[in-house]
Amino acid sequence: MTRQLMKWPFQGKWIAAGFGLTLLFMGLVIFASFNSTNEIKQGANQVQDTYQTLNTLTNFSAAMTSAESARRGYIFLGNRQDLQRYQNEVINMQSELRLLKRQIHPTSSIQQQRVAQLNLLVNQRLALLEQSIQLYQKDKTALQTQTDITDRSIQLRGEIMAAIANITVEEKRYLQSSLEQSQYNINLRILIEILGTCLSIVVIFILGIILERQWIKREQIESLKSSLAQEKKLGELKVHLFSMISHEFRTPLSVILLSSQLLKEILTELVDEKQLKNLYRIQSSAKLMNHLLTDILTLTRAEAGKLDYKPHLINIENFCLNLVEDLQLFGITPYPIEFLNNGKCFRANIDEKLLYSILSNLLLNAIKYSTDTEKIYLILNSEPEAILFQVIDKGIGIPRGEQPKIYEPFYRCQNVENIVGTGLGLAVVKKCVERHQGEIIVESDVGVGTTFTVKIPHINVLK
């Protein structure tokens, strides 16, 4: 179950948590309402019992008064109906008194004592009343004794009424307490229901906001995925387009180079060297055009994440010498490039095409921004952790404020003036160096010269 829950999406977890929290609030509200309802029912029952107790006390007082009146009527008038009425009222008094004993709250010991005291006083008074009736039946002339019995009866009646008053006051107080408790329980239930409803609404509202935000994020992610897919497709189209263009241009360029080379071999013995100048320009322009196509294709593949990286073991020293020789043939006159090997590393596991793009672009830039008289150096060196290539020139230099931008495609420094260029060379160099997991460092001052240092880690190097 835990593993299944961990596999739920983020939105599903929030829905489950919100639903569970809402059910918890509802359960608490139902539980509290149930308890409150039971307390209200108990309060209502207590109020009803108290009302019945008060009614019993009232009935008892009425029966006692009626019994006293019937006794007097029988003694003073000798009416047998009054005697019968007296006896009936006595039965009512005793019945109400028994009912009162059952109705008094068993938890109230004071009320129990008061009812016991009331029962004792009632029994004493009934005994006096019975004595008065029996005396009348034996001797109707014993008026003084009847008077004494009546006085004692009146005294007991006062005590009985006082006891009834005390019981009534306590019952009314208990009734008021029960009514207040019921009102409190009702208010508490209303408050709990309102609070529970509000909390449930808040949870649902928060859950809705969270789900809405997650939905928006999901749409943004989907939109981003769609954009990335489109960019990837566009990148693939660009790579395909430039590959096709490169192929289509390289075919006639190869024809031009081959034809110019054949013409050079034919005309070398027939015409003067100076007359071959335009032929050399054709060859140089064709080579530069081919190099430019290679740079564009390399940069496009790098931006699309499709730049091939196929390292293999090469002799670095021979590679550098061949490169210098090729570049010296780019122009009409050989460029003053000097190669120095200061290290002990002769072999390396490097992508030959990418290394050619790195060093050729750095050397061509050095040639472009230097004079024909200043030497350009290609230096091979090694460190414990990397192999180093350095290209050093004494050209126009790069302003320090513009050095962080020189690896951006098509960016050219403001001091290049009328020197022709595309601004792609260093961008290509940067991509090729990064593909080797290396780094490139530039040190330059305007009017002094520039040194580019390329470091390729030894993970690519074999000695």
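**Close-ups of a helix pair and a strand trio**

**View 1. Who touches whom between α3 and α4.** On the α3 side, the contact is made by L83, Y86, V90, M93, Q94, L97, L100 and K101, and across from them in α4 sit V115, L118, N119, V122, L126, L129, E130, I133 and Q137. Sort those contact residues by type and you get twelve nonpolar, three polar and two charged. Keep in mind that this is a predicted model.

**View 2. How the α3 and α4 axes cross.** Helix α3 covers residues 80-103 and helix α4 covers residues 109-138; their axes come within 11 Å of each other. The crossing angle is roughly 170 degrees, and anything over 145 counts as roughly antiparallel, so that is the label for α3 and α4. As for handedness, the α3 and α4 crossing is left-handed.

View 3. Strand β4 (residues 376-382) pairs with β5 in the antiparallel sense, with six bridges between them. To find your bearings, pick Y377 and look across to its bridge partner in β5, I392.

**View 4. β5 against β7.** Here β5 is joined to strand β7 (residues 449-457) by eight bridges, and this pairing is antiparallel.

**View 5. How covered β5 is.** Strand β5 spans residues 386-393 and is mostly covered, with seven of its eight residues buried. In a regular strand, side chains alternate between the two faces of the sheet. The β5 strand has bridges to β4 and also to β7.

Conventions: Residues numbered from 1 in each chain as written. Predicted model: local features only at pLDDT ≥ 70, side-chain atom pairs only at ≥ 80, totals over all residues. Heavy atoms only, no water. Axes fitted to C-alpha atoms, helices over the stretch in contact; angles between N-to-C directions. Helix = DSSP H or I, 4+ residues; strand = E, 2+ residues; numbered from the N terminus. Parallel < 35°, antiparallel > 145°, perpendicular 65-115°, else oblique. Left-handed = near helix turned anticlockwise from the far one by under 90°. Contact = heavy atoms within 4.5 Å. Nonpolar A, V, L, I, M, F, W, Y, C, P; charged D, E, K, R; others polar. Buried < 20%, exposed > 50% of the residue type's maximum accessible area, 1.4 Å probe, protein only. Pairing = 2+ DSSP bridges.
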